[in-house]
Amino acid sequence: MASQDSQEEEAEEDAAVISRDVDRLIGLLHQYRKVGPDSTLVRVRSDAVVPDGTNRERTGLSLEHIHYLASLFSSKGFQPRVNDSGHDVPVYIHEAPPTAFGSAALQRYRASAAATPGYPLTRLPEAATEFYCSLGNGHFTQALNLFRHGCKSIFTGERYSRGGDTHLNDVLELGVPALVLSNDLSVKDRKFISLMLNRQHAQGWTISDSGDVVFVDKPDSEMDASQFELMSKDLDAEELSGLVRFKLGIDVSEAQRNYRSKL
């Protein structure tokens, strides 16, 4: 009985922490949100976006996960978000004019992409005066850029093609509806939001099509979300790459040897 009471107390404490953190998140999103002309989400093109410097504990993005998502877009067709269902709502910071932190994020991604074959290179000018930094959906966003720029798959060597995929062409040309925040946010708050976005499914909340935080049923790991999806949210870039390699049956030596030969 004592053990059961202890578990119940821990569950109550966890729920209180989640509630407190979600309340803080709602306050930040409300304070710094920038809305479209009809007070909705703002469409943002993926070629205007780079990862924020706070992503994945500052480890950046996983090359394998970017290409894994792109392979799903290619094999299954791009699935747009409809009626609060589908991919997560991207959360971006509008850097216009850029902050020092935002400019550093742009330069960091430029250097990382140039040094790592397989990353989609940014076409933003070095001294860009307007762009976006992704706090959430960074891999999703760069996967779109693989199609935009006709990059080759690190897995197959074939070029990603938008072909006649109407939904994919729509988001590439018009942008993905996103929750856009002002760059007045502090670095501390940027990191907090980034961490919270990676925890949303495990904590039982999400961002709706209206841009509001809403509570939903927590996923049953076997029924509502795969173990892979749940685990991928809380790993740094290298750990996430390892998870993707494990899922696809690729060992490290094979990855190092074959990726470059495919590009």
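**A threonine and its surroundings**

Guide: T141 has its place in helix α4, residues 138-148. Helices (H or I, at least four residues) and strands (E, at least two) are DSSP runs, numbered from the N terminus.

Visitor: What kind of model is this, and how are residues numbered?
Guide: This is a predicted model, in which local features need pLDDT of at least 70, side-chain atom pairs count only at pLDDT 80 or more, and totals for chains, interfaces and linings use all residues. Residues are numbered from 1 along each chain as its sequence is written, and side-chain values use heavy atoms, with hydrogens and water left out.

Visitor: Is T141 buried or exposed?
Guide: T141 is buried, because its relative accessible area is 0%. Buried means under 20% relative accessible area, exposed over 50%, and partly exposed in between, with a 1.4 Å probe and protein chains only.

Visitor: What does T141 touch, leaving out residues up to four places away in sequence?
Guide: S46, V49 and Y92. Contact means heavy atoms within 4.5 Å.

Visitor: And the rest of α4, how many of its residues are buried?
Guide: Eleven of the eleven, so the helix is largely enclosed by the rest of the structure. Among them are H139, Q142, N145 and R148. After α4 comes G150, with a positive phi near 65°.

Visitor: Switching to aromatics. How many pairs does a search of the whole structure find?
Guide: Seven aromatic pairs. Rings of Phe, Tyr and Trp (its six-membered ring) pair if their centres lie within 6.5 Å; planes under 30 degrees apart count as stacked, over 60 as edge-to-face and the rest as tilted. One of the pairs is F73 with F140, which is edge-to-face because the centres are 5.9 Å apart and the planes at 80°.

Visitor: Where do F73 and F140 lie?
Guide: F73 is in helix α2 (residues 63-76) and F140 in helix α4, so the pair ties together parts that are 67 residues apart in sequence. Both F73 and F140 are buried.

Visitor: What about F78 and F140?
Guide: Their ring centres are 6.0 Å apart and their planes are at 45°, so that pair is tilted. It links distant parts of the chain, 62 residues apart, with F78 in the loop between α2 and β4 (91-95) and F140 in helix α4. F78 counts as buried because its relative accessibility is 2%, and F140 counts as buried because its value is 8%.

Visitor: Which residues do ring pairs link into a cluster?
Guide: F73, F78, F140, F147 and Y160.

Visitor: Which ring does the charged end of R24 sit over?
Guide: The ring of F192, 3.8 Å from its centre. A charge sits over a ring if NZ of Lys or CZ of Arg is within 6 Å of the ring centre and within 35 degrees of the ring normal.

Visitor: Now the strands. How many residues of β6 are buried?
Guide: Six of the seven residues of β6 (residues 176-182) are buried, so the strand is largely enclosed by the rest of the structure.

Visitor: How does β6 pair with β2?
Guide: β2 (residues 42-44) and β6 are antiparallel, over three bridges, with V42 partnered by A178. Two strands pair if DSSP finds at least two bridges between them. β1 (residues 33-34) also runs antiparallel to β6, joined by two bridges, and there K34 partners V180.

Visitor: In which sense do β4 and β6 pair?
Guide: Parallel, over four bridges, with I93 opposite L181. β4 and β5 run antiparallel with five bridges, and I93 stands opposite C133 in β5. All six residues of β5 (residues 131-136) are buried. β3 (residues 49-51) pairs with β5 in the parallel sense over three bridges, where P51 has S134 as its partner.

Visitor: Which members of the largest nonpolar core touch the most others?
Guide: L144, L181, I193 and I207, out of 51 residues. A nonpolar core is a set of buried Ala, Val, Leu, Ile, Met, Phe, Trp, Tyr and Cys residues joined through side-chain atoms within 4.5 Å.
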